[in-house]
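Open the model in your viewer and keep a selection tool at hand.

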Amino acid sequence: MPEIDALFESINVRDLLAGHDLNDPTTPLSAPDLRLLINRLQSHSLRIKSKVQSYLVAHHSEFSDLFSTCQDAVSRTRLISDDVSDVVELVSDRPVDVEIRKVVDEITEKTKEVRLKRESLELVSAIVGICEAVEETKVALRGGRFRFAAERVRELKGVLRVGEEEEGGEPVAYALLRKEWSDCFDEIQEVLARFMESAVRFELESCKLRISYQLSVGETTGIALTTVLEAMEVIGMLDYGLAKAADSIFKHVITPAVTHASTFNAVEDSCKTSGDITEATLQLDQSSDHKTEDVDGEAIYSGILKVVKFICSSLCFGNVTWIHSFGRLTWPRISELIISKFLSKVVPEDASKLADFQKVIERTSQFETALKELNFVSPSDAEGRLSKYAENVEVHFASRKKIEILAKARSLMLQCNFTIPKGLAMRNASFKSGGAESLDEDSSKHIVRLLFSSEVCMVSEAASQLMHLVHKTLEDVCVSSARVATECYHAARDSILLYEAVVPVKLEKQLNGINQAAALLHNDCLYLFEEILGLAFEYRASFPSSIKEHAVFADVAPRFKLMAEEVLQRQIQLVVSSLQEAIDSADGFQDTHQMKQFESAKFSIEQVVFSLEKVHMIWEPVLRPKTYKQSMCLVLESVFRRITRDILLLDDMAADETFQLQRLIHLMFENLSSLLGSLKSADETSRPLDDLIPSLRKSRKLAGMSLLTLFTSPLNFNTKLWYMLSEIFVCVSHLQNYWICL
């Protein structure tokens with residue numbers, strides 16, 4: 001309605017109050033202005049009403065149509081509302097959706113039943129088909145159609161998914177069918193194995209290997225050998241079927257070709273019927289032409305090759321798969337037999353003869369190459385066991401040499417009893433005048449000359465023979481190849497270390513006592529110490545360059561030096577401890593004026609003298625003179641120091657007691673005169689015994705002066721104190737000198 005809109009837009013208050021300024025907020029409207037405004041607004045209102053009425057009259061038909069349309073829309077809305085209400089009421093009273101759901105479920109169930117029945121029918125059909133196939137297979141097997149039966153077995157294996165069984169969820173019939181298939185497979189496998197067994201036979205009486213081409217077992221006759229082999233290949237039982245034949249051929253044909261190669265001779269022959277070959281034979285004859293020993297393997301390898309060629313052509317018919325199968329069954333045993341019966345026995349025992357083994361290596365390589373060309377050994381077989389064994393002969397030689405050296409060294413140590421032969425004394429005048437070189441063979445095993453000190457020393461047979469073995473081994477190192485030299489060098493080192501590991505354990509019981517075995521062990525360690533230090537200087541220049549920088553012995557030597565010192569110190573401690581116990585029984589030499597106490601002190605002195613003489617008899621024949629003298633001086637120092645100390649610590653002595661003590665000291669010196677005399681002549685040193693045994697001088701002074709005067713002197717306490725302090729300083733100095741000498 002544009003006219004009405006224009007009418008409303010024409011009303012403007014500014015026009016109705018044309019004489020008044022409405023923009024001035026400070027000027028209020030007057031009453032006349034307001035009445036004028038009201039009148040003018042009423043006039044305009046009447047004009048608008050007149051206009052609207054005129055417009056409605058002019059457009060009466062259009063408004064009538066509009067109102068009719070609206071009324072029709074309202075009516076239809078009411079009808080729809082009524083229909084919806086009816087539907088809702090109908091649904092509420094009768095649940096159609098439930099009925100529909102029931103119908104749908106029923107349709108689904110029926111469809112499922114139909115599908116299951118269809119699948120069951122298909123399963124039954126499949127089971128029937130499999131059963132028929134199994135039965136056909138059995139019939140074909142009984143009829144001699146082995147190839148057909150084998151193919152059916154292979155097909156059924158795929159259908160039944162043999163070897164892919166699932167845990168549950170499978171029809172029980174499948175398990176039964178698999179069992180039926182397994183029984184059928186076992187049956188055909190057994191039948192083919194029997195035919196194969198009848199095909200290959202070895203006659204022990206005539207030494208002949210027969211291979212028949214037309215086979216008969218039971219009622220089944222006229223089966224070709226190739227048919228049997230093809231059937232075995234189809235069902236994957238070639239290895240199983242050929243196993244017995246391979247075992248028989250290896251045992252009766254190949255083994256004699258290796259163990260009696262010099263007299264082995266194989267002659268091939270064949271038997272024909274109606275122009276067809278029905279049998280192939282291999283006659284084994286004992287030839288008298290080969291009398292020489294097969295040192296390079298030519299006879300062995302040629303004999304085996306002849307047998308293998310016969311098998312490839314007569315049994316496997318040149319079929320690569322069949323040849324591979326037979327090779328897998330026999331080659332590992334053939335190679336082990338050749339290694340144990342031939343290669344291992346021709347390994348040189350002397351390093352200088354290793355070069356002569358090259359011909360064997362060449363023959364072995366040619367033999368394996370020929371087998372690979374025949375497809376008997378797979379070209380992909382990376383083992384090359386014979387060639388590798390032959391080419392590594394140096395390793396085998398070195399390994400065997402090392403084992404022999406260590407075994408011999410261990411045997412020397414375990415068999416040695418660490419005793420001195422009767423009548424042999426290190427300090428014998430003939431030894432000192434003639435040296436170790438003048439000894440007989442038996443004595444030279446025990447008397448050696450130390451490398452650096454040039455002293456003659458008695459050692460055990462184990463030590464002298466061990467170093468002889470080590471020297472011989474190192475001499476082999478100097479003339480051997482790098483690989484053999486390395487093994488022999490380690491064998492020499494290990495032999496020395498073996499002494500350290502074995503002998504102390506073997507002599508554990510003897511080392512806990514005072515005996516010559518411990519003294520011999522001390523000498524052994526000193527001897528080994530100096531010999532080991534000299535090894536590098538003696539042999540390093542001649543060693544192969546590959547080990548010259550790595551060959552070390554100096555790290556081993558100090559261990560034996562330390563062991564020698566430990567053994568000697570342990571012996572000295574045992575002796576000193578035993579002597580101290582004997583002196584303890586004297587009860588400090590108190591009250592010796594009483595007969596009982598005097599006898600006790602006298603017995604103690606006699607025990608000390610007896611023990612010292614025993615040690616003298618054990619040590620003097622074994623230990624080096626210098627070591628014997630120093631060790632015995634240490635022992636005597638401990639004895640004299642203890643006795644002197646006990647006497648000086650006595651108080652309130654009676655006159656008779658002093659004389660009895662003097663008698664005991666004189667008795668001790670009298671009984672030890674031979675021992676002290678042996679110490680003076682033990683070595684060429686000019687040092688007096690009083691310097692080596694500081695307490696000896698004090699003991700002699702006690703024996704030569706009036707003990708009563710000594711013990712009644714007012715300076716008794718100071719004298720004793722001075723004595724003990726001087727004794728301590730002398731002992732410290734003496735020990736330092738001893739260790740420096742060691």
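The tour gives, for each stop, what to select and what is there.

This is a predicted model, in which local features need pLDDT of at least 70, side-chain atom pairs count only at pLDDT 80 or more, and totals for chains, interfaces and linings use all residues. Residues are numbered from 1 along each chain as its sequence is written, and side-chain values use heavy atoms, with hydrogens and water left out.

Select residues 31-58, which form helix 3 (helices are DSSP runs of H or I, at least four residues, numbered from the N terminus). Helix 3 has 28 residues and spans 41 Å from first to last C-alpha, close to the expected 40 Å (1.5 Å times one less than the number of residues). Within helix 3, colour Leu37, His44, Ile48 and Tyr55: these are buried (under 20% relative accessible area, with exposed over 50% and partly exposed in between; 1.4 Å probe, protein chains only).

Next, show helix 9 (residues 238-259) with helix 11: their axes lie 9 Å apart at an angle of about 35 degrees (lines fitted to C-alpha atoms over the stretch in contact, angles from 0 to 180 degrees between N-to-C directions).

Then go to Phe317, in the loop between helix 10 (298-315) and helix 11 (320-341). Phe317 is not a glycine, yet has a positive phi of about 55 degrees; its relative accessible area of 33% makes Phe317 partly exposed.

Finish at Asn375, in the loop between helix 12 (358-373) and helix 13 (385-391). Phi of Asn375 is also positive, near 65 degrees, and Asn375 is partly exposed at 23% relative accessibility.

Note on methods. Helices (H or I, at least four residues) and strands (E, at least two) are DSSP runs, numbered from the N terminus.
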